[in-house]
Amino acid sequence: QVQLVESGGGLVQPGGSLRLSCAASGSIFSIHDMGWYRQAPGKGRELVATFTNSGSTRYADSVKGRFAISRDNAKNTVFLQMNSLKPEDTAVYYCHAVIFSGGSQLSDYDYWGQGTQVTVSS
């Protein structure tokens, strides 16, 4: 079993910054992709940013130029630096990873964290 644990969420004023962290632990053979999704009340879950194990990144248009994703492979951790935050960024942010894992049946699996609340308000 693999667990993803997020941290770093909280309340911040518009224009402020916040840094999210997500650490993966458990029976991990390799991590292919790690990234962040978010979900606001009444809306579906959307991609924010992803970071592959080959070093490529992808961002949602709404956060380009403001957010930056990074990764520490040695610690199985992904970060999301969020700058110039807007009220529209308010959502629960979920860590996501595609990981080659498993006990009796090794395969690529999708894992999700429990989410961390980010609130941007004055």
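Tutor: A polar contact is a pair of N or O atoms within 3.5 Å; within protein, one must be able to donate a hydrogen and the other to accept it, and residues adjacent in sequence count only if both atoms are side-chain atoms. The model is predicted, so local features need pLDDT of at least 70 and side-chain atom pairs count only at pLDDT 80 or more, while totals for chains, interfaces and linings use all residues. Residues are numbered from 1 along each chain as its sequence is written, and side-chain values use heavy atoms, with hydrogens and water left out.

Student: With which side chain does the side chain of threonine 52 make a polar contact?

Tutor: Threonine 52 belongs to strand β5, residues 46-52, where strands (E, at least two residues) and helices (H or I, at least four) are DSSP runs numbered from the N terminus. At a separation of 2.9 Å, the polar contact of its side chain is with the side chain of serine 54.

Student: Is threonine 52 buried or exposed, and which residues is it in contact with once neighbours within four places in sequence are left aside?

Tutor: Buried means under 20% relative accessible area, exposed over 50%, and partly exposed in between, using a 1.4 Å probe and protein chains only. Because its relative accessible area is 19%, threonine 52 is buried. Counting as contact any heavy atoms within 4.5 Å, and leaving aside those neighbours, its partners are His32, Asp33 and Arg71.

Student: Which residues are linked in a network of salt bridges?

Tutor: Side chains of opposite charge can pair when their charged atoms come close; a salt bridge here is a side-chain nitrogen of Lys or Arg within 4 Å of a carboxyl oxygen of Asp or Glu. Arginine 38 pairs with glutamate 46, their closest N and O atoms being 2.8 Å apart, and it also meets aspartate 89 at 3.0 Å, N to O. Aspartate 89 in turn forms a salt bridge with arginine 66 at 2.8 Å. The network therefore links Arg38, Glu46, Arg66 and Asp89.

Student: What is the radius of gyration of the protein?

Tutor: The protein has zero helices and eleven strands. The radius is taken over C-alpha atoms, and the globule rule is 2.2 Å times the number of residues to the power 0.38. For 122 residues a compact globule would have a value near 14 Å, which agrees with that of the protein, 14 Å.
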